[in-house]
Amino acid sequence: MLSAFVRAFRTPDLRRKLLFTISIMVIFRVGSFIPTPGVDYGNVQQCVASMDGTNDLLGLVNLFSGGALLQLSVFALGIMPYITASIITQLLRVVIPRFEALHKEGQQGTAQLTQYTRYMTIGLAILQSTTVITVARNNLLFPECPVPLIPDDSVATIVLMVITMTAGTALIMWLGELISERGIGNGMSLLIFTSIAATFPGAMWSIAGGENGLTNFVIVMLVILLVIALVVFVEQSQRRIPVQYAKRMVGRKMYGGSSTYIPIKINMAGIIPVIFASSLLAIPGLAAQFGDQTAGWVIWLSTYVAAPEAPLHIALYLVLIIFFAYFYTAITFNPDEVADNMKKYGGFIPGIRAGRPTAEYLDYVISRITAPGSVYLAFVALIPLLVFIWLGVGANIPFGGASILIVVGVGLETVKQIESQLQQRHYEGFLR
């Protein structure tokens, strides 16, 4: 990996792309520390310093914003509205025929879906910024902090804050698209990588400086290294279904007769099931915060559902991850569509008839390969979380093993893109 980066910096075109990408990432991090107008920055820093923890939903958003949410900065929402909008757009393809038709139209239809995603991102940013400001005004962002975060809560100030946070989300979306167009690609994922990686040094430093710091630090590092090795091994693994294309005559030329394969990853759903499961499990805790703290249902939710160490919470987390792994895979991979495309171009799986039998075979393979994939996702998400809870440092590593999964996955994809661009620019001729 390091050799690929060294060779990339030796290539002028790639060097410009890498430096442009790094500069955008720096701008993204700088914006995470610029306070939103109307926020008392000194009080925010005082509350952050005295913070013991936050609820899971706000912790999830804070993770994807690189810590900007708790700072109430202009980039407080981070990339989360865009991620949510992209997931909603994919889900709407199942229920809205127009979206599915646009998806099949190729580049022009994809561009239209991207435009819809942008509009939806702005709408979600307005909704989420209003929620964050309301939480901050009601002293729910830092429940134990006595100083006000927003001293002037007039309507004009609140509207200005909503506009600023929404504009910050739009700017982040634009920066991500700039990286995809003029940088090394995969812009949104790289911004997520930057947000999550920025929280690791502070988390590891807090572990090393706590009680039994050296022992806990060594154990946490070993767990992280084991999870990274597992993620690299599984994410690089795939089931290759062979496909044979029959020969056909077009005019006087013969086409086809080639062999290829359909690569099916063990984890086709990516990190989406973990995000869905964490978001759903965070809702009871958020509802309990707004309720009467002495009520029976609030105490039960806080003790048995919202608490990360509760057995019911862990069991629900496991079941939800497996469920959403199957659910999202079924949405993103359509065996009937793949079988129809293969039949249209004269392709077939050896030993399987074209058409409906091919779709049934693909569905059979997907349903069985998703089983170990979902268990792998649950293992990656739960094992680090259980270890951190056992060590008493659960709040210091936000989102557990899922953050490691994102960082490693984006890192592998980025290295692949750099290597592919290097291969396009460096090749050996027939004569030396």
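How many bridges pair β1 and β4, and in which sense? Hello everyone, let me start there. β1 and β4 pair over seven bridges, in the antiparallel sense. Strands pair here if DSSP finds at least two bridges between them. The names come from DSSP runs numbered from the N terminus: helices are H or I with at least four residues, strands are E with at least two.

A quick word on the model. It is predicted, so local features need pLDDT of at least 70 and side-chain atom pairs count only at pLDDT 80 or more, while totals for chains, interfaces and linings use all residues. Residues are numbered from 1 along each chain as its sequence is written, and side-chain values use heavy atoms, with hydrogens and water left out.

Back to the sheet. It is open, has three strands in the order β4-β1-β5, and its pairing is antiparallel. The edge strands, each pairing on one side only, are β4 (259-265) and β5 (347-348). Gln244 has Phe348 in β5 as its bridge partner, and Tyr245 stands opposite Gly347 in β5.

Helix α16 (residues 356-391) packs on this sheet and touches β1 and β4; its direction makes about 170° with that of β1. Contact means heavy atoms within 4.5 Å. Axes are lines fitted to C-alpha atoms, for helices over the stretch in contact, and angles run from 0 to 180 degrees between N-to-C directions.

α16 also meets helix α14 (residues 311-332): their axes come within 9 Å and cross at roughly 145°. Among the residues that meet are Ile314, Tyr317 and Leu318 in α14, and Ile366, Ser367 and Leu386 in α16. The residues of this contact divide into 15 nonpolar, four polar and no charged. Nonpolar here covers Ala, Val, Leu, Ile, Met, Phe, Trp, Tyr, Cys and Pro; charged is Asp, Glu, Lys and Arg; the others, Gly among them, are polar.

One last stop: is Thr117 buried or exposed? Thr117 lies in helix α8 (residues 107-137). Thr117 is buried because its relative accessible area is 6%, and buried means under 20% (1.4 Å probe, protein chains only), with exposed over 50% and partly exposed in between. Beyond its neighbours within four places in sequence, Thr117 is in contact with Tyr82, Ala85, Ser86 and Thr89.
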